[in-house]
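Hi,

Here is the structure I promised to pass on. Have a look at it first, and then read my notes below.

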Amino acid sequence: MSKPKIGFIGLGIMGRPMSKHLLNAGYELVVHDLNREAVAEIVSAGATEAHSCKEVGKNSSIVITMVPDSPDVEAAVLGEDGLLEGVSDGDIHVDMSTIAPSVAVSVGEALIQKGVKCLDAPVSGGDVGAQNATLSIMVGGEEDTFETVKPIFEVMGKCILCGPLGAGQTVKACNQVLVAVTIAGVSEALTLGAKAGVDPLKIVQVLGGGLARCGILENRGERMVNGDFDPGFRIRLHYKDLNIIMKTGNDFNVPLPVTSVVHELFNTAMAGGRSELDHSGLLTVIEDLAGIQARTT
């Protein structure tokens, strides 16, 4: 059976390596992004350029969107020259962005009315997971559509069907709670140890081998104590996710007391002009509060 032609909208830090994995797996790709450099890079790797989301829809049977926020998905799908104008009955839309569950449902419903099958499939794993094709992909939608797209997901990582449309985004919100809270905890641990006179790199090495081991220590620990906050996932994007989380908590009447404190810490980072740092740069906020840098000696 021939492989479906895939459209890919959004070639940022995550989208670029994800799209390259698809090309390397033998899928024909049609791509679109406002960033001309990103488009040129993926075209040089073998993709075909489309000049609008509508054109992507017209020239592919499965379209993946990987853009920053809810309004970006709405613009890509429902806006002028958007995906909705180009797709046909029987096509599949897979949104791999991280957006509000309610928006995943409303955008999906608009496409479903045109006969398009929809999945929301946000990812976890950051830039490292995207580059290594080890993303955790949490999916919402119908099981038959999931099974159709599953071989594509498996090129980029591991996937689990979590429930109906919107369930993927709900699980991603849960994921981002844990990631944000863990970053804050690691930041506090490193700062406490450093102020007590312990080399933070030793703290990373020891904690990474015990019950406190976690993805943040593994993927970001050494970078944090080296002061390397080049963005894999920017503070402003995690702050956006935390806004979604707090709204979702309100929608379902679920108190999130710990998350609300971490939300405010990310807000402090934003107010301090650190929006473009990697989210592990939250360490700098805790350092400021303690009056010390938790960096390796």
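Leaving out neighbours up to four places away in sequence, Phe8 is in contact (heavy atoms within 4.5 Å) with Gly15, Met18, Ser19, Leu22, Leu29, Val30, Val31, His32, Val56, Ile64 and Met66. Phe8 sits in strand S1, residues 6–9. Helices (H or I, at least four residues) and strands (E, at least two) are DSSP runs, numbered from the N terminus. With a relative accessibility of 0%, Phe8 counts as buried; that word means under 20% relative accessible area, while exposed means over 50% and partly exposed is what lies in between (1.4 Å probe, protein chains only). From Phe8 to Gly272 it is 264 residues in sequence and 34 Å in space, C-alpha to C-alpha.

Before you go further: this is a predicted model, so local features need pLDDT of at least 70 and side-chain atom pairs count only at pLDDT 80 or more, whereas totals for chains, interfaces and linings use all residues. Residues are numbered from 1 along each chain as its sequence is written, and side-chain values use heavy atoms, with hydrogens and water left out.

Now the cores. A nonpolar core here is a set of buried Ala, Val, Leu, Ile, Met, Phe, Trp, Tyr and Cys residues joined through side-chain atoms within 4.5 Å. The largest one has 34 residues, and Leu22, Val94, Met96, Ile137 and Phe153 have the most contacts inside it. Among the elements that give two or more residues to this core are S1, helix H1 (15–24), strand S5 (92–95) and helix H8 (143–156). H8 gives the most, with six residues. Met96, again not counting residues up to four places away, touches Met18, Ile64, Thr65, Met66, Ala121, Pro122, Val123, Ile137, Phe153 and Met156. Apart from this core lies another, of 29 residues, including Ala184, Leu217, Phe266 and Leu283.

Leu283 leads on to helix H14 (residues 283–290), where Leu283, Thr284, Val285, Ile286 and Glu287 are buried. What do the buried residues of H14 pack against? They pack against H9, helix H11 (215–225) and helix H13 (257–271). After H14 comes Gly291, with a positive phi near 70°. On the H9 side, have a look at Thr191, which lies in that helix (residues 167–195) and is buried at a relative accessible area of 4%. Beyond its sequence neighbours within four places, Thr191 is in contact with Leu283, Ile286, Glu287, Ala290, Ile292 and Ala294.

Leu256 is in the loop between helix H12 (235–251) and H13. Is Leu256 buried or partly exposed? It counts as partly exposed, because its relative accessibility is 22%. Leaving aside neighbours within four places, Leu256 is in contact with Ile245, Met246 and Gly249.

Finally, the whole protein. It has 14 helices and nine strands, and 51% of its 297 residues count as buried. The C-alpha atoms fill a box of roughly 65 × 45 × 35 Å along the principal axes.

Cheers
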